[in-house]
Amino acid sequence: ALTSFDPNDKQALPTGFGEAHNIFANTDLEYRIRFQNTGSDTAFRVILLDTLSPFLNPATVRPGASSHPYEFEMEDNGVLRFTFSNIDLPHKAVNEDGSQGFVTFHISQKRNNPTGTVIENSAAIYFDFNPPVITNTTWHTIHEPWIDIVSGSVETFVEKIRVQVFPNPMSDQAVFEVQQLASGEHTLVLADAMGREVLRQPFTEN
């Protein structure tokens, strides 16, 4: 049997890489909470409560775009409260589009979360005085950088060369940008995780 889509959910950006939703330490996150009145009557007030992960920094919360005006406050225990007063949200059977709403917020991680840290987040949605609807839980796993940059070699180390690679992590393509490169011929050497050379590419431009 097909399961119906739950309109009361939580989304996060970036989504992260792989099943563990890998991201780097100190990467900011954006969360979107979506809600829909699937009851049988108009909802006059909607309250969203979001309990922050201990690995996020409450002082960096930046409330963002929304479908309806709201009031924002943060409680002492790290709970975010978004209150949509007098929202008069019609129920789904009356107006499918009008029965939906959302709010977004940005937040930074606590500094230098260690590799392996799992950041989880969910929200509780209150329609008037009904029991809360609990969203799905989003999660991210802190991953070490996947590409290490070594500038030059032991014999020809040039201290001022700067190399950037983006995106990092990457899936199938990446751009290497060398800044302040001296003229002449240079070589990019690519090795796998075991240290075996898989590519040697001469180049002259940056």
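Trainee: Which residue does Arg34 form a salt bridge with?
Mentor: In this predicted model, the partner of Arg34 is Asp9, and the closest N and O atoms are 2.7 Å apart.

Trainee: Where in the chain do Arg34 and Asp9 sit?
Mentor: Arg34 belongs to strand S3, which covers residues 29–36, while Asp9 belongs to strand S1, residues 9–13. The two residues are 25 apart in the chain, and the pair links distant parts of it.

Trainee: Is Asp9 buried or exposed?
Mentor: Asp9 is buried, because its relative accessible area is 10% and the cut-off for buried is under 20%. Arg34, at 25% relative accessibility, counts as partly exposed.

Trainee: How many salt bridges are there in the whole structure?
Mentor: A search of the whole structure gives four. One of them is the bridge between Arg34 and Asp9. Another joins the side chains of Arg81 and Glu73, at 3.8 Å from N to O.

Trainee: What else does Arg81 meet in a salt bridge?
Mentor: The side chain of Arg81 also meets that of Glu75, with an N to O distance of 2.9 Å.

Trainee: What holds strands of a sheet together in general?
Mentor: Strands of a sheet pair through backbone hydrogen bonds, and the pairing may be parallel or antiparallel.

Trainee: How many bridges join S3 to S8?
Mentor: Eight bridges join S3 to strand S8, which spans residues 100–107, and the two strands run antiparallel. As one instance, Arg32 has Thr104 in S8 as its bridge partner.

Trainee: A change of topic: where does Thr117 lie?
Mentor: Thr117 lies in the loop between S8 and strand S9 (118–121).

Trainee: Is Thr117 buried or exposed?
Mentor: Thr117 is buried, because its relative accessible area is 8%, and the limit for that class is under 20%.

Trainee: What lies 2.7 Å from a polar atom of its side chain?
Mentor: The backbone oxygen of Pro114 lies at that distance from a polar side-chain atom of Thr117.

Trainee: Which residues is Thr117 in contact with, leaving aside its neighbours within four places in sequence?
Mentor: Thr117 is then in contact with Phe55, His140, Thr141 and Ile142.

Trainee: And the chain as a whole: how many helices and strands are there?
Mentor: The chain has zero helices and 16 strands. Of its 206 residues, 29% are buried.

Trainee: What share of the contacts joins residues at least 24 apart?
Mentor: Among contacts between residues at least 6 apart in sequence, 62% join residues at least 24 apart.

How values were computed
Residues are numbered from 1 along each chain as its sequence is written. This is a predicted model: local features need pLDDT of at least 70, side-chain atom pairs count only at pLDDT 80 or more; totals for chains, interfaces and linings use all residues. Side-chain values use heavy atoms; hydrogens and water are left out. Helices (H or I, at least four residues) and strands (E, at least two) are DSSP runs, numbered from the N terminus. Buried means under 20% relative accessible area, exposed over 50%, partly exposed in between (1.4 Å probe, protein chains only). Two strands pair if DSSP finds at least two bridges between them. A polar contact is a pair of N or O atoms within 3.5 Å; within protein, one must be able to donate a hydrogen and the other to accept it, and residues adjacent in sequence count only if both atoms are side-chain atoms. Contact means heavy atoms within 4.5 Å.
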